Amino acid sequence: MPNTALYRRQAPVSAAATPQPARADLSPLGGSEIQVWEGTGVFSVCRSIFLRTRLESWIKASRLAGAAPLLKELYGFEEETHLDDAMLLLQQGDDFLYVHQGTKSVHEYGRIFRGVLLSTIPGTMSQSFRRHYNLTLGDMRPRYMQFRTDFSARHVRWERIALPLVSDEKQTTKFLLLYSVPLDDKMEILQATFDRSAVGMVAAAKTIGEEKTLEDAAVLLVNHRARSMLGIEDDMLPLSTVRDLRAWVQNVRKWEQVGEPKTTSGKTILGFRDKEKAKNITVVIEPIEHFVIFHLID
């Protein structure tokens, strides 16, 4: 079975129906611990929309290549807007060298790891991470982690995605691209509220750059109501950008725009007609800082 076959999106299942995964590692350092997931279970436990989209990008690149993605594919021009959040590790034997640490990561952790071997970082957490990272590069399958640590001055609970990459088709050199996000219970509540909304909602993140437009904004989340209205199954997300969303509305759902767009209080309002369901649909586009929310109302 190809590595990527295990990473197809699955609808979350209840905790009662599925045995909870055991903790993969417990470390005595300050009560720190690491729990690790792989396969489809990642999408049921990962709280961060950002981490899920990073994993989605890896899956798409892996499926296109039929193997582990190349370093240049996920650490290249397209990912420049995300490098501030990333750490890149180069495998050296059974150890790892930090070759990149984004400025945001430095700020969040309060420490600089660039140019440092993982094994030289004090504490037993380093040994535990080394073991999990080597397993990740051993089978070239992403790992999702939740852990607590006492070395960060800003946060104590984190979630992380570890994405395996190779230097070339011969897998001469292996890398790990890491993204970490503080665990925040408030975000979980907001996400649950978003998903349970009776209004269809699509959230997208604006892409940095003068030449970038709303069309380039990356789709982060489509709630259950929006999926139903757009005819998108729960185990897939065929939309990467707002451009894809517009094409889906026009070419797949075949909604016809009614009238001209209206602008009020910074929001743009569009009217559509869904002939298949004989319904009028109003789409309200609302920019919020670096994000844009599409409200779908029928």
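Which residue lies over the face of Tyr179? I find Arg54 there, at 6.0 Å from the ring centre. My cut-off for a charge over a ring is NZ of Lys or CZ of Arg within 6 Å of the ring centre and within 35 degrees of the ring normal.

Ground rules before I go on. I am looking at a predicted model, where local features need pLDDT of at least 70 and side-chain atom pairs count only at pLDDT 80 or more, while totals for chains, interfaces and linings use all residues. Residues are numbered from 1 along each chain as its sequence is written, and side-chain values use heavy atoms, with hydrogens and water left out.

**Aromatics**

I looked up the aromatic pairs and got seven. Rings of Phe, Tyr and Trp (its six-membered ring) pair if their centres lie within 6.5 Å; planes under 30 degrees apart are stacked, over 60 edge-to-face, and the rest tilted. For Phe96 and Tyr133 I have centres 5.7 Å apart and planes at 85°, so this pair is edge-to-face. The two sit 37 residues apart, Phe96 in strand E4 (residues 95-101) and Tyr133 in helix H5 (residues 125-139), so I note a link between distant parts of the chain. My helices (H or I, at least four residues) and strands (E, at least two) are DSSP runs, numbered from the N terminus.

Phe96 has 0% relative accessibility and counts as buried; Tyr133, also at 0%, is buried too. Buried means under 20% relative accessible area, exposed over 50%, partly exposed in between (1.4 Å probe, protein chains only).

Next I checked Phe129 with Tyr133: this pair is stacked, 5.6 Å centre to centre with 20° between the planes. They are four residues apart in H5, so about one helical turn separates them. I put Phe96, Phe129, Tyr133 and Phe147 down as one aromatic cluster. Phe129 also has Arg160 over its face, at 5.0 Å from the ring centre.

**Cores**

A nonpolar core here is a set of buried Ala, Val, Leu, Ile, Met, Phe, Trp, Tyr and Cys residues joined through side-chain atoms within 4.5 Å. The largest one has 24 residues, and Val202, Leu230, Val283 and Phe294 touch the most other members. Elements that each supply at least two residues include strand E8 (200-205), helix H7 (224-230), helix H8 (242-252) and strand E12 (279-288). H8 gives the largest share, four residues.

I then followed Leu230 by contact (heavy atoms within 4.5 Å). Leaving out residues up to four places away in sequence, Leu230 touches Val202, Leu245, Trp248, Val249, Arg253, Trp255 and Leu296. A second, separate core has 23 residues, among them Tyr98, Met140, Met145 and Ala162.

**Helix H8**

Which residues of H8 are buried? I list Val242, Leu245, Trp248 and Val249. Down the helix axis, the buried residues of H8 fall within an arc of 115°, so they line one face of the helix. I take that arc from the directions from the helix axis to the C-beta atoms. Gln250 and Asn251 are exposed on the other side of H8. The cover over its buried residues includes E8, E9, H7, E11 and E13. After H8 comes Lys254, with a positive phi near 60°.

Strand E10 (residues 256-264) pairs with E11 in the antiparallel sense over six bridges; at least two DSSP bridges are needed for strands to pair. Opposite Val258 I find Gly271 in E11. This hairpin has two residues between the strands, and Ser265 takes a positive phi near 55°.
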